[in-house]
Amino acid sequence: MKWPSHGSNPQYLFEAMGLPLPKRYIDFSANINPLGPPESLTKQWNEFIHKINVYPDPYSTRLKENIAEKENLLSTQVLIGNGGAEIITLIARMLTGKRVLIIQPTFSEYEKACKANGCEVRYLQVNHQQDWMVDLELLKEELRTADAMFLCNPNNPTGVVYSKSQIIDILKLCDKNDCQLILDEAFYDFLVDYKSITSLIKQYSNLIILRSMTKMFSIPGLRLGYVMATESVVEQITTYQSHWSVNTIAMLAGEACLEDEAFIINTQNYIQRERKRLFSFFEKENFIVSPSQVNFYLLRDAKTEDSFQLFTFLLQKGIIPRHTFNFPGLEGSWLRFAIKSTEENDQLMEVLQEWRIHLD
Ligand SMILES: Cc1ncc(COP(=O)(O)O)c(C=O)c1O
């Protein structure tokens, strides 16, 4: 079976399963803010149309400066991309032919982009028994022969977070081994107590931080992300980017979103509340979940080893989880769910209760 490589666009999943796409469904497979784009953005939307008759600023200067100021960096240490996905592609280009270590299970684009650039890709696997966290002793060994390492924090698909001090330990190990650390913080802004590590770029020239704006601000259709690193790394990555890669509307949307601190805090509180509610239901009903601190989580039924039956059951009920067949180490044994609206989360819990009755 050829599984879709990402969530969203559920027609491809149903096609792969040989099932008709139901008229009504709830898509839990994309990790996007359920509150939708902020009002500060939608209110300005009609203005944006007047800007599309000229070419975008190829340097995204204003947005770049806004981010640099917020992160206490020089604007030359920031590059805006057409989604975090484009930034991954550019970084992989920079890593052409190098030895790359990926902590798995994680976002599949690192491997895909690195392999497309002739990198030698190796995995270090983490699992449920280790609370999904990397073992530093094993990492030390692996880093001896790695030129670069990808770490996703918070991690997709587990939602597990390494603390700032754990990241510093990993960064030091990488530094000792002359290895670049590409830290993907696509979901950092869903964390209630996030402690920024951006200032470490000054001290560690091997640190590259990647971010997405499509998740928090619910604009995956617009595409917007950025990377922060030393000037020389940013300069190098920039040479691979095509001119006008980031469109004007995405840039303007980014500027509007960046200002909206209240929206971020509101989202964090909302997600935290819903996650607590869902997780206490899962515990009561004997489902195992990953200890996520963000807007998605892995789940499996403690009563069955095989998640495929549950997956099929849910799809037939119009509940669409993200399959995990293309996450090394998971291979379909878990399902990933985004945290959605209260009503949608209620429906998920109702259907899981039906599953319990169906099993017994
Ligand atoms: C961990 C991670 N990084 C980066 C991306 C890319 O995000 P985007 O290209 O939408 O900004 C994704 C998308 O799902 C992701 O999960």
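Which residues does UniProt list for "domain: Aminotransferase class I/classII large"? The unreviewed entry gives residues 25–352, in the numbering used here, and such annotations may be inferred rather than shown by experiment. This is a predicted model, where local features need pLDDT of at least 70, side-chain atom pairs count only at pLDDT 80 or more, and totals for chains, interfaces and linings use all residues. Residues are numbered from 1 along each chain as its sequence is written, and side-chain values use heavy atoms, leaving out hydrogens and water.

View 1. Residues 25–352 are 38% helix and 16% strand; helices (H or I, at least four residues) and strands (E, at least two) are DSSP runs, numbered from the N terminus. The end C-alpha atoms of this stretch are 15 Å apart.

**View 2. The buried surface.** About 2100 Å² is buried between domain 1 and domain 2, with 69% of it on carbon and sulfur atoms; this is the accessible area (1.4 Å probe) that two parts lose on being put together, summed over both. On the domain 1 side, Gln268, Phe296 and Pro328 lose the most area to domain 2, together 25% of what that side buries.
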